[in-house]
Amino acid sequence: MASQLAYKSRIASTKSLSKIFNAQEMIASSHIAKARDVALAAKPYSDAISDALAALVAHTHLDHPLVKKKDSTDNPRVAVLALTSDRGMAGPYTSNVLRETEDLLSRLDKQGKEPQLYVYGRRGVSYYKYRNREVKATWEGHTDAPGVEVAEEISDTLLKAYMAPASQGGVSELYIVYTEFINMVSQKVRLLRMLPVEVVDKEIDMSDANAEEEVKEAPDLTAPLYSFEPSTAEVLDRILPKYVQSRIHECLLTAAASETASRQNAMHTATDNANSLVDDLTRKLNATRQASITQELTEIIASADALNTTEE
Amino acid sequence: MASEKPTMKVNIVAADRPIWSGTAYSVIIPASNGQMGILPEHEPVLTVIEHGSVRVKSTSGHQHVFTVTDGFAAFDSNSLTVAVERCTDDEEPQDAADSGASAGSGASADAE
């Protein structure tokens, strides 16, 4: 049985850990509201872009490389962007994303494609660095509050890779692995094919590898007849990249909210565990103390007995 | 009543937040081919915006000026949406308070 001193020091350290977890939990729950506000504030813009794109779909054939790439069939290179977190203490958040990413990578490998990895978030970056896996580009330090700037940077990099011809290392598709925020207790890892753009974005069913062939939305004939300035092609040229950027920003925001929620849950569990550990240790400490008292008593009685018998 | 000016809905959004919304008599936007004036019942149009200032003559009587960069404007069914990457609000602080009020009372402003 360990000494009372050892128990006491373990109880003290567990208590201070519990305080840290509790503080982290409270920080996370205060961040949640902020993350939700940021996501709501960005909604009108992405809605406006989706509406504009819907209008364009109704009037043009969407003959743009971002929608349909010419040399995509014989270009095996595809880009995969994994959205992980910058900091740990978020439970299984990052490991879930990484597991899904690994799944996707091996699936793409089996299909004869050459996946190229892009990683967002320090945890993911260090994971792949440790495993010596080649990563095309990384972004770190923004996962708490992803701004428009980082979304712009990411979409610029990926669009550049996508628009480059196959002979110069261009990619034919872009997948994003991110975590969708469903509610405070549940967040789900999702796989989204971002490029080529599908105007109706359907999530690819992860169990179904053939789900990639999806149909585009039928042109809405009731949409107003727009005039495009300066020209349809030019408007399309400008709006499609913005659409991609706003979709990426959306993914970053929902990932940030998921990360915070996941952290809050993890910290809540950790606090509970720490408290039950303290209870456990206190019980053991009491038992040890009681045992030592009992032992002392026995010793005293025994020695007193021994003295009595010698006197007789 | 006959002299009542026609109005339209205006919605200005930046990439990270909504900027202004309300009703207006006229809006001038920096379209790609030069300044473009939009009046109520304009034909549906979708135009690219490079950089410049959006001027809104709102129904509350204020002239709002926003400096915008990189985006587009869409007008249809008497409602103008300006979506831009970055937007700064050039109006005076007291105007900003009024713009909030006019956004809230958008429907009643028509009856003036």
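Modeller: First, a ground rule: two residues touch, or are in contact, if their C-beta atoms, placed from the backbone, lie within 7 Å. This is a predicted model, where local features need pLDDT of at least 70 and side-chain atom pairs count only at pLDDT 80 or more, while totals for chains, interfaces and linings use all residues. Residues are numbered from 1 along each chain as its sequence is written, and chains are lettered from A and ligands numbered from 1 in the order in which they are written.

Biologist: Okay, is A:Asn265 buried or exposed?

Modeller: A:Asn265 is found in helix H5 of chain A (helices, H or I of at least four residues, and strands, E of at least two, are DSSP runs numbered from the N terminus). A residue is buried if 20 or more other C-beta atoms lie within 10 Å of its own, exposed if 12 or fewer, and partly exposed in between, with C-beta atoms placed from the backbone. A:Asn265 has 20 C-beta neighbours inside 10 Å, so it counts as buried.

Biologist: What is the bridge partner of A:Tyr118 in S3(A)?

Modeller: S2(A) and S3(A) run parallel, joined by four bridges. In one of the strands sits A:Tyr118, and its bridge partner in S3(A) is A:Ala137.

Biologist: How are H2(A) and H3(A) oriented to each other?

Modeller: The axes of H2 (residues 93-110) and H3 (residues 122-130) of chain A come within 10 Å and cross at roughly 55°. Angles under 35 degrees count as roughly parallel, over 145 as roughly antiparallel, 65 to 115 as roughly perpendicular and the rest as oblique. H2(A) and H3(A) are therefore oblique.

Biologist: Which residues in H3(A) meet H2(A)?

Modeller: On the H2(A) side we have A:Thr94, A:Val97 and A:Leu98, and they meet A:Arg123, A:Gly124 and A:Tyr127 in H3(A).
By burial, H3(A) has A:Arg122 as well as A:Arg123, A:Gly124 and A:Tyr127 in the buried group. Again, the H3(A) residues that meet H2(A) are A:Arg123, A:Gly124 and A:Tyr127.

Biologist: What covers the buried residues of H3(A)?

Modeller: The buried residues in question are A:Arg122, A:Arg123, A:Gly124 and A:Tyr127. Their cover includes, from chain A, strand S1 (77-83), H2 and strand S2 (114-120).

Biologist: Which residue follows H3(A) with a positive phi?

Modeller: Most residues other than glycine have a negative phi. The residue here lies in the loop between H3 and strand S3 (135-139) of chain A, and it is exposed, with 6 other C-beta atoms within 10 Å. Its phi is near 55°, and its name is A:Asn132.

Biologist: Chain B has one of those as well. What is the phi of B:Glu41?

Modeller: B:Glu41 is found in the loop between strand S3 (34-38) and strand S4 (45-58) of chain B. With 10 C-beta neighbours inside 10 Å, B:Glu41 counts as exposed. Its phi is positive, near 65°.

Biologist: In S4(B), what is the bridge partner of A:Ser227?

Modeller: S6(A) and S4(B) pair in the parallel sense, over three bridges. For A:Ser227, the partner in S4(B) is B:Val45.

Biologist: How many residues does chain B give to the contact with chain A?

Modeller: Chain B follows the pattern β-β-β-β-β-β-α-α along its sequence, and 38% of its 112 residues count as buried. Chain A brings 23 residues to the contact, and chain B brings 21.

Notes. Axes fitted to C-alpha atoms, helices over the stretch in contact; angles between N-to-C directions. Pairing = 2+ DSSP bridges.
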